[in-house]
Amino acid sequence: MTLATSTTSHAAALQESLVELIDLSLQAKHYHWNVTGQDFRGVHLQLDEITDQVRLWYDDVAERLSTLDVPPDGRLATVAAGTPLPAAGKGWQKDVDAVTAMRDRLGEVATRLERRAGEVGDSDLVTQGILLEVAGGLQKHVW
């Protein structure tokens, strides 16, 4: 694999991750605003923590793209067209349903980030490290 080819594949892995992380943060905030139920307060606060952390992580991913001289694309249209995540539930969400939805999404994204890190391999340890760090962080948030 040439340097240009590896940069292109690394950029694709980062861009796909950026799209998923932006969507994940938006969904966490949506559930944060719409959660109801007996465990409202704890779930509400946890969803805010997840939102804040994911925003930091997607910033790291976007900055890595910039470092590779690839413009990160976090536009709404790009995220909407490219996310593999299921849409968040509309309207009020019972606390247990919000927890289940976010747990599943956190796990899905972590799994894809780990796969991408494996594909990057040791040809770009910085990109691999970012993807693994985010995947590990997401796994910590899985309830």
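This is a predicted model: local features need pLDDT of at least 70, side-chain atom pairs count only at pLDDT 80 or more; totals for chains, interfaces and linings use all residues.
Figure 1. H2 covers residues 40–67, and its 28 residues should span 40 Å at 1.5 Å a residue; the end C-alpha atoms lie 41 Å apart, which agrees. After H2 comes Asp69, with a positive phi near 65°.

**Figure 2. Helix H2 beside helix H5.** How do H2 and H5 run relative to each other, parallel or antiparallel? Their axes cross at roughly 175° and come within 11 Å, an angle over 145 degrees, so the two helices are roughly antiparallel. On the H2 side, the contact is made by Gln46, Ile50, Gln53, Val54, Trp57, Asp60, Val61 and Arg64. H5 brings Val126, Thr127, Ile130, Glu133, Val134, Gly137, Leu138 and His141 to the contact. Sorted by class, the contact of H2 with H5 holds 8 nonpolar, 5 polar and 3 charged residues.

**Figure 3. Helix H2 beside helix H4.** Here the axes of H2 and H4 come within 10 Å and cross at roughly 25°. That angle is under 35 degrees, and H2 and H4 are therefore roughly parallel. The crossing of H2 with H4 is left-handed. Look for Phe40, Val43, Leu47 and Ile50 of H2, which meet Asp95, Val99, Met102 and Leu106 of H4. The contact of H2 with H4 divides into 7 nonpolar residues, no polar ones and 1 charged.

**Figure 4. Helix H4 against helix H5.** H4 takes in residues 95–120, and its 26 residues reach 37 Å from the first C-alpha to the last, close to the expected 38 Å. Just after H4, Gly121 has a positive phi of about 60°. H4 packs with H5 at an angle of about 160°, the axes being 8 Å apart, which makes H4 roughly antiparallel to H5. The crossing of H4 and H5 is left-handed. By class, the contact of H4 with H5 has 11 nonpolar, 4 polar and 2 charged residues.

Figure 5. Leu138 sits in helix H5, which covers residues 125–141. Is Leu138 buried or exposed? Its relative accessibility is 0%, so Leu138 counts as buried. Leaving aside residues up to four places away in sequence, Leu138 touches Leu21, Leu24, Val54, Trp57, Leu106, Val109, Ala110 and Leu113. Leu85, 53 residues apart from Leu138 in sequence, is 15 Å apart from it in space, C-alpha to C-alpha.

**Figure 6. Lys29 in helix H1.** This view turns to H1 (residues 3–34), where Lys29 has its place. With a relative accessible area of 15%, Lys29 is buried, since buried means under 20%.

Notes
Residues are numbered from 1 along each chain as its sequence is written. Side-chain values use heavy atoms; hydrogens and water are left out. Helices (H or I, at least four residues) and strands (E, at least two) are DSSP runs, numbered from the N terminus. Buried means under 20% relative accessible area, exposed over 50%, partly exposed in between (1.4 Å probe, protein chains only). Contact means heavy atoms within 4.5 Å. The expected span of a helix is 1.5 Å times one less than its number of residues. Axes are lines fitted to C-alpha atoms, for helices over the stretch in contact, and angles run from 0 to 180 degrees between N-to-C directions. Angles under 35 degrees count as roughly parallel, over 145 as roughly antiparallel, 65 to 115 as roughly perpendicular and the rest as oblique. Ala, Val, Leu, Ile, Met, Phe, Trp, Tyr, Cys and Pro count as nonpolar, Asp, Glu, Lys and Arg as charged, and the others, Gly among them, as polar. A crossing is left-handed if the near helix is turned anticlockwise from the far one by less than a right angle, and right-handed if clockwise.
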